[in-house]
Amino acid sequence: MARRQARRDGAAIMSALLSIDAVSKRFRGLLAVDNVSFRVAQGSIFAVIGPNGAGKTTLFNIIAGMSAPDRGSIAFAGERIEGLTPDEICRRGIGRTFQLVRPFPALSVEDNVAIGAMLHRHDPALARRRAHEVLKQLDLFGKRHQPASALTLPDRKRLEVARALATDPKLLLLDEVMAGLRPAETDRMVSVLTTLNRETGLTILLIEHVMRAVMALAARVLVLHHGAAIAEGAPEAVVREPAVVQSYLGAEAVD
Amino acid sequence: MIARLFEGVPRRGVALLSVLLVVLLAAPWMANDYLLTVLIIILYSAYTGQAWNVMMGFAGQLSLGHAIYVGLGGYAAAALYVHFGLGPWIGLAAAIAIAVACGAVIGFLAFRFGVGGVYFAILTIAFAEFARIGFDHFGWVGGSSGFFLPVANYTRNDLWNLRGNPTMFYYVMLALTVAAFGLCHVLLRSRVGYYWQAIREDEVAARSLGINTFRYKMYAVVISAGMTAVAGVFFAFYYNNLFPEQVFHISRSIELILGPIIGGIGTLFGPLIGAFLLTGLSESMQEILTALGLDAPGAKQVFYGLCLLVVVMALPEGVWPWLAGKLGVTVRRS
């Protein structure tokens, strides 16, 4: 069974928590992800950017286990994970958010987060305690008794992050968590993520359109265009590369 | 332990629950035979509604064929009693095992091959219909002409063989209802209960939080099927007859789910309130009609329809969430 073929991969480089190796995915005629490779170092913040339709979400879904790659391999913490199911991916230590937020609407904010925390805490009382910590980090503690359906979009974005964090991931995958946030809210989210990264050593891989956040957060950036990686490096350098400016940012974005 | 069971439940809620329990315990001293029969039917539908609620209300998996578990449970225990002289308590184990196996097959087929929503509901109807037609031709248990247990001797109550007067049956059904209520309460507050609710609310999001949704949906089906089969055993020994066209009929499955829908899907009290409202009101309406000398066949069904209409329009969440708010017994957790 291909789904369960994860095995030890001794060749994985120790410092890379996540290694994407020559991953491709085709949807009929469209090559959505074209031979993409990159490594996310332990404890770093890594961003994937690119125009709409560049294949970012497809790549994200492959890492998160929503679909299997046609070719290539993915190693996480030294083990092959491509083709595993989303719940198996999560149990190995990868938490994710959804671009179009998916809260448990009828449940309270606290229950939403506590359910995430139950992955490693079978006692709901302990999970609730962990949920409280995370809710405080994400400024949602005061709203913990509200049903998730009552939250505003920025709060729902924060709830996505809180719920994923509650599973105690080693790697956090963020799918456009800044989209729809006001600049002040973006800055707040950036500071929360920076703090988490610095204080807990959490590794973060984000797909992001909001360049303000990418520039502030990421140590390395990968640019996708038509499914292929066209540039990779430090954000300041990447945004000045002509290919990136032409395909994605536009000249006015570099200021 | 006991304190933790009531954590977050307002004191008034505990008090009301105690009063309700005392009233139900004392009922046989106050009620006549007719009223006791009505109470047995109410508790029976509260119990089966509670069992169905585990699957639909907690885990979000709509079963429209729950009669299959009642029927399998009833036939299993009755067959063991009639053919092998084994009592209902041994039959109970067999009934649960058969219903659990049946639920596991339905659940496996549906969840392994991604059959969800409406299609899952249709699958549950299909299995109940298979059972109905199959038992029609199953001569060992009487086929379509029915399967009969030796009629009860009312001279003394025999709990071991479930032979006795209505008061005994009433207490058995009350015990089952209280046990189901307690079990659901514990389940809902444990990890499995939270995981079910996560699956009900958003299965994709649930998986991304590490929940093996296949496994937890299977737990829901299997627990619900096992609980429902217990009601089937009661049904067989209380009525002493089983007809495939009745026990497996889709109208039985529908009747079974009306209580929790009207009372409040996914709530602990919903099935209980729904059973009281539906059975209580329809029986009293029947009484009034009889007293007025009116003969109106099908009035019960029309009444069920009206109840459903009113509740769906006025209280789409069901009666209990609204009633709990009025009584001030909404559970709050800190």
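## Two alanines with positive phi

Ala77(A) sits in the loop of chain A that runs between β4 (71-76) and β5 (79-80); helices (H or I, at least four residues) and strands (E, at least two) are DSSP runs, numbered from the N terminus. The phi angle of Ala77(A) is near 50 degrees, a positive value in a residue other than glycine. Ala77(A) is partly exposed, with 16 other C-beta atoms within 10 Å. A residue is buried if 20 or more other C-beta atoms lie within 10 Å of its own, exposed if 12 or fewer, and partly exposed in between, with C-beta atoms placed from the backbone.

Ala22(A) belongs to strand β1 (residues 16-27) of chain A. Its phi is also positive, near 50 degrees, in a residue other than glycine. Is Ala22(A) buried or exposed? Ala22(A) is exposed, because 12 other C-beta atoms lie within 10 Å.

## About the model

This is a predicted model, in which local features need pLDDT of at least 70 and side-chain atom pairs count only at pLDDT 80 or more, while totals for chains, interfaces and linings use all residues. Residues are numbered from 1 along each chain as its sequence is written, and chains are lettered from A and ligands numbered from 1 in the order in which they are written.

## Chain A as a whole

Chain A has nine helices and 10 strands. Its C-alpha atoms fill a box of roughly 50 × 50 × 35 Å along the principal axes. For 255 residues, a compact globule would have a radius of gyration near 18 Å, and the 18 Å of chain A agrees with this. The radius is taken over C-alpha atoms, and the globule rule is 2.2 Å times the number of residues to the power 0.38.

Of the 255 residues, 47% count as buried.

## Two domains

Chain A is assigned domain 1 (2-93 + 172-253) and domain 2 (100-168); the bounds come from an automatic or database domain assignment. The contact between them takes eight residues from domain 1 and 11 residues from domain 2, where two residues are in contact if their C-beta atoms, placed from the backbone, lie within 7 Å. On the domain 1 side, α2 and α6 (183-200) are the elements that give two or more residues.
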